[in-house]
There are 2 protein chains.
Amino acid sequence: MTQIDLKTAVGILKDNDNYLILTHKNPDGDTLGSAFALMYALRSLGKSAKVQCCDKIPKKYSYMYSPDDIGETDSPYVIAVDVADEKLLGNGVYDRYQGKVKLCIDHHISNKGYAEYLLLRDCAAACEVIYDLIGILGVKIDKKIADCIYTGISTDTGCFKFANVTDYTHIIAAGLISAGADFVEINKAMFETKSRGYFLLEAAAVNTIEMYNGGKCAVMTITQKMLHASGTDESDCDGIASIPRKIEGVLVGVTLRERTDGTYKVSLRSHAPVDCTKICGEMGGGGHARAAGCEFSRENLEKEKAQLLAIITRELDSI
Amino acid sequence: MTQIDLKTAVGILKDNDNYLILTHKNPDGDTLGSAFALMYALRSLGKSAKVQCCDKIPKKYSYMYSPDDIGETDSPYVIAVDVADEKLLGNGVYDRYQGKVKLCIDHHISNKGYAEYLLLRDCAAACEVIYDLIGILGVKIDKKIADCIYTGISTDTGCFKFANVTDYTHIIAAGLISAGADFVEINKAMFETKSRGYFLLEAAAVNTIEMYNGGKCAVMTITQKMLHASGTDESDCDGIASIPRKIEGVLVGVTLRERTDGTYKVSLRSHAPVDCTKICGEMGGGGHARAAGCEFSRENLEKEKAQLLAIITRELDSI
């Protein structure tokens with residue numbers, strides 16, 4: 001693996017043709033935005049380019065492409081975007097292209113270095129790297145490309161809220177808006193649209209919230225029964241664990257999610273200075289300071305919950 | 001009233017002293033961010049400056065100032081920020097300073113021109129004007145000023161989601177982040193924190209949602225009983241009317257809010273091309289294309305609801 005800079009990457013893209021751009025599995029706005037933006041840019045240089053993803057692309061991203069843009073080509077020059085590990089190419093795609101990725105464009109410092117050439121920058125989104133790359137390629141950022149790149153940046157930063165945002169992230173956003181990015185509609189689709197089932201699940205979950213430690217700790221429970229009643233499943237639960245921490249005065253929010261086998265996935269979210277890793281570590285789990293997790297068994301649920309609450313109480317008392 | 005440019009405003013601010021900066025009533029992030037940023041900038045020029053607001057400043061903005069910054073001064077040079085109409089200065093402040101505002105800095109094109117000098121730009125937030133003004137004043141934007149201005153811009157744009165955002169809004173955000181604005185904590189406080197009562201109210205409201213027109217119309221009802229049960233009141237309902245439209249597939253979301261007198265406030269929110277003004281206009285109300293409202297009487301609630309749903313059906317069928 002050779003780590004390369006933007007200029008070298010531009011040379012490679014100009015010298016080759018017949019590109020196949022791979023995204024990671026469970027595709028999100030950044031991997032898709034990177035792939036389609038790069039596809040349009042390469043085509044505007046007269047190259048042929050298609051995108052491949054092992055999973056069905058969620059409907060909300062359909063404005064980025066047309067069905068013809070997805071597919072296979074013979075003896076392609078293979079590029080992976082926003083894919084930190086070859087295995088994340090997912091079923092089918094991983095098997096076919098393992099060891100065959102020539103160029104990887106990424107922003108994860110954890111990138112495994114599986115590609116022949118790696119263009120890596122530690123920044124909020126792979127789309128930030130794609131933006132610079134397209135600029136140096138000499139391709140004008142049109143509305144279509146701007147929509148793709150804006151999507152990647154907006155989704156990977158929670159619409160400019162996360163700590164990964166830098167001044168340069170906003171400079172790029174300014175460039176994309178001048179280029180005509182339809183940011184109002186994109187943000188509506190990404191952040192303001194949820195299934196009816198999700199709303200019902202959220203409502204049921206909120207009604208289970210128990211407050212502890214004078215309002216500094218909130219515990220929310222999601223049971224299999226609630227998932228069934230709302231017509232949702234585990235995959236709809238993304239982000240739901242952030243609810244308890246949003247309650248005014250709460251420093252640590254706990255979400256218990258019952259799995260089909262009766263065990264519980266436990267997610268902690270905190271505000272400073274509460275350290276979730278420390279708390280979850282004592283329960284056999286782990287994670288980051290502001291977000292961590294552990295597990296509760298089926299048999300000892302109440303006992304383990306009491307243990308967790310005792311550790312949380314000790315931590316809150318020590319502040 | 002004389003409309004002035006940034007340079008003239010800078011001359012005025014350099015020539016005077018003993019500033020009193022007034023915000024509008026029910027203060028939000030933009031009027032407070034503008035006021036405190038300007039206060040700090042004027043003080044760094046050696047001037048004296050205080051801020052006055054007729055209402056109690058919500059706790060979530062407390063990082064912007066210390067209690068000493070609020071108050072009265074004798075024979076002040078009076079500035080109003082983000083105040084489109086003198087009456088919006090509110091009880092007490094309006095009575096005292098009516099006809100006495102020397103300089104108004106605003107971004108509402110509807111500004112009534114009540115001040116001697118008006119510095120006005122049609123942009124997302126008054127804080128955008130304040131940012132430029134402070135730059136031309138020659139004051140360095142430090143972390144404190146950056147926090148204030150970022151708050152105004154972020155709150156008035158729904159964290160860069162609203163249609164009022166321009167490329168320049170992001171250019172300013174980039175400048176504020178380089179200056180050290182604590183955007184992660186600010187956005188957490190502004191967008192990610194709600195009272196427990198609000199969550200309970202939202203949960204109760206979501207459970208009332210009825211779907212019509214094959215899922216294109218959603219109707220949500222909030223009763224006085226639900227407000228009481230959740231310990232909330234009308235003032236907690238800001239933004240709740242946006243929920244029905246967020247449901248996947250919904251083109252028009254209707255929220256019915258029971259008032260204490262038994263009448264109903266009806267709020268419509270739509271996605272293009274559904275025109276809420278047209279629909280509400282036929283019910284005796286009004287508003288904008290994507291957000292409008294009308295009223296239902298206490299006696300004819302069901303009849304009026306049926307009328308509204310018939311109009312919505314006609315509009316949805318005509319798309």
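This is a predicted model: local features need pLDDT of at least 70, side-chain atom pairs count only at pLDDT 80 or more; totals for chains, interfaces and linings use all residues.
**Helix H12 of chain A**

Helix H12 of chain A comprises 17 residues, 301-317, and at 1.5 Å a residue it should span 24 Å, which agrees with the 24 Å that separate its end C-alpha atoms. Its buried residues are A:Leu301, A:Glu304, A:Lys305, A:Leu308, A:Leu309, A:Ile311, A:Ile312, A:Glu315 and A:Leu316. Viewed down the axis of H12(A), these buried residues fall within an arc of 160°, so they line one face of the helix. The spacing follows a general rule: an α-helix has 3.6 residues a turn, so residues three or four places apart point the same way. On the face of H12(A) turned away from the buried side are the exposed residues A:Glu302, A:Lys303 and A:Asp317. As for what the buried residues of H12(A) meet, they pack against strands S7 (210-212), S8 (217-222), S9 (252-258), S10 (264-270) and S12 (291-296), and against helix H11 (276-282), of chain A.

**Cysteines at position 276**

A search of the whole structure, over all chains, finds zero disulfides. A:Cys276 is accordingly in no disulfide, the nearest cysteine sulfur being that of A:Cys280 at 6.1 Å.

| Residue | Relative accessibility | Class |
|---|---|---|
| A:Cys276 | 0% | buried |
| B:Cys276 | 0% | buried |
| B:Gln52 | 11% | buried |

**A sheet and a strand residue in chain B**

Chain B contains an open sheet of six strands in the order S7-S8-S9-S10-S12-S11, with mixed pairing. Strands S7 (210-212) and S11 (286-287) of chain B stand at the edges, each with a single partner strand, so one side of each is left without a neighbour in the sheet. Within this sheet, strand S9 (residues 252-258) of chain B runs antiparallel to strand S10 (residues 264-270) of chain B, and seven bridges join them; B:Leu256, for example, has B:Val266 in S10(B) as its bridge partner.

B:Gln52 lies in strand S3 (residues 49-52) of chain B, and its side chain is joined to that of B:Glu72 by a polar contact of 2.5 Å. Leaving aside residues up to four places away in sequence, B:Gln52 touches B:Leu20, B:Ile21, B:Leu22, B:Thr23, B:Ile70, B:Gly71, B:Glu72 and B:Val93.

Conventions: Residues are numbered from 1 along each chain as its sequence is written. Chains are lettered from A and ligands numbered from 1 in the order in which they are written. Side-chain values use heavy atoms; hydrogens and water are left out. Helices (H or I, at least four residues) and strands (E, at least two) are DSSP runs, numbered from the N terminus. The expected span of a helix is 1.5 Å times one less than its number of residues. Buried means under 20% relative accessible area, exposed over 50%, partly exposed in between (1.4 Å probe, protein chains only). The arc is that of the directions from the helix axis to the C-beta atoms. Contact means heavy atoms within 4.5 Å. A disulfide is a pair of cysteine sulfur atoms within 2.5 Å. Two strands pair if DSSP finds at least two bridges between them. A polar contact is a pair of N or O atoms within 3.5 Å; within protein, one must be able to donate a hydrogen and the other to accept it, and residues adjacent in sequence count only if both atoms are side-chain atoms.
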